[in-house]
Every structure is written in C-alpha cells, then in structure tokens.
Amino acid sequence: MTTLSSAGWVVHDIGLATTIGGSLFGQLALEPSLDQVSRAAERDRVSEKAWNRFSWLKLAGHVAFAVPWFVGRKMLSGNEVSARARALTLTKDGLVIASLVTGVSSFVIGQILGRKVRRGQGPEQAKARREAHESTALERAVSVLGALNTIASTGVLAVTSLLAMEGSESLRFSVRSRDLP
C-alpha cells in the first residue's frame, strides 16, 4: 500500500477514534458528573461549553473518516475482493452514511440548543422550574441522535477491522491495492 493510501487510512482511523472516544466520554463521564453542579443554570452552561467545543472536533472526525472511505471506494470496482468483503463494504457504506446523518443532525440541533442555553433557556433550567420547554425536547433529540451516532460509528470501526482482516487474506486485493495512490 502506498504512502497516500496509508495516510488516508490513518486519517480515517483518527477520525473514528475522535468521534467515538469523545462521544463515549461525554455520554458516560461528563453528563453524569454534571449532577454534582448544584445550580441548573451552571449545569446548562458547563454542558453547553463542553459539548460546543467537542462538537466541532466530532464534525471534523466525521469528515476525517468519511472522506478517505468514499475516495477509496471510487478507486476500486469491487471485483478485487471476495463476496464477503463486498457485503462488508456495502455494510460499511450504510454505516458511514448513518454516522454522517446522525452526526450532522446532532451537531445542528446541538448548536440550536446551545443558543438557547446562552440565552438562559437551557433544559436544566426548564426542569428546575418544572416547565415543558423546547430546550428539553432538543436535549432529548441530541441525546438520542448522539447514541445512534455512537452505535453507527462503532459499527464503522468494527466493519473496518473485519475488512482489514479480509483484505489481508485476499491475494486479489493485495495485488490490486498496490496500484492505489
């Protein structure tokens, strides 16, 4: 495999690591820890600040893993690999698209929610006042989309590993991959 293809694979994997690792940290460590902040407005502010910073990295991570994948897909016909690898490739296509859709949707809704928090209309403040508030629904949407995104991105990682193992056993792919840039 050439230097450019190897670099693309590295960028792909770093993008996946950023997307999955940061999301898991936020969902499993940051958010539960915010219960230690006693004031609702402060919880909203801290959560918004952290997620706003990370959301840009996560968006870049999506670009980093999707672009090399789709560029590489354009360079091969599919005849270079086994039937199992073709099925895995199509599965990965679907998972990459699902990850992009849920990731971008979560980013957009998160930006809207962030603006509400900065105006003092955050979900924790609404809960503290026992109000049904649009920001609470936005928070729920971001949470669901974030979980779906983590699942899809983890699926991309798993299928990437399976494809790497499959590719290492394929003489046809090994010969053809030498022609990649």
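From the N terminus on, the elements run α-α-α-α-α-α. That makes 6 helices and 0 strands. Helices here are DSSP runs of H or I with at least four residues, strands are E runs of at least two, and both are numbered from the N terminus. This is a predicted model, in which local features need pLDDT of at least 70, side-chain atom pairs count only at pLDDT 80 or more, and totals for chains, interfaces and linings use all residues. Residues are numbered from 1 along each chain as its sequence is written, and side-chain values use heavy atoms, with hydrogens and water left out.

**Two helices.** The expected span of a helix is 1.5 Å times one less than its number of residues. A bend at a residue is the angle between axes fitted to the seven residues ending there and the seven starting there.

| Helix | Residues | End-to-end C-alpha distance | Expected span |
|---|---|---|---|
| α1 | 3-33 (31 residues) | 43 Å | 45 Å |

Helix α1 bends by about 35° at G26. Helix α2 bends by about 25° at S55.

Buried means under 20% relative accessible area, exposed over 50%, and partly exposed in between, with a 1.4 Å probe and protein chains only. Buried residues make up 39% of the 181 residues. In α1 they include G8, L16, I20 and G26. A nonpolar core is a set of buried Ala, Val, Leu, Ile, Met, Phe, Trp, Tyr and Cys residues joined through side-chain atoms within 4.5 Å. The largest such core has 12 residues, among them L16, I20, F65, W69 and L163. Helices α1, α2, α3 (83-118) and α5 (134-168) each give two or more residues to this core. Leaving aside residues up to four places away in sequence, I20 touches S153, T154 and L157; contact means heavy atoms within 4.5 Å.

**Aromatic pairs.** Rings of Phe, Tyr and Trp (its six-membered ring) pair if their centres lie within 6.5 Å; planes under 30 degrees apart count as stacked, over 60 as edge-to-face and the rest as tilted. The count comes to 2 aromatic pairs. W51 and F54 have ring centres 6.1 Å apart and planes at 65°, so they are edge-to-face. They sit 3 residues apart in α2, so about one helical turn separates them. F54 is buried at 15% relative accessibility. W51 is partly exposed at 24%. W56 and F107 are also edge-to-face, because their ring centres are 4.8 Å apart and their planes stand at 80°. This pair links distant parts of the chain, with W56 in α2 and F107 in α3, 51 residues apart. F107 is buried, at 14%.
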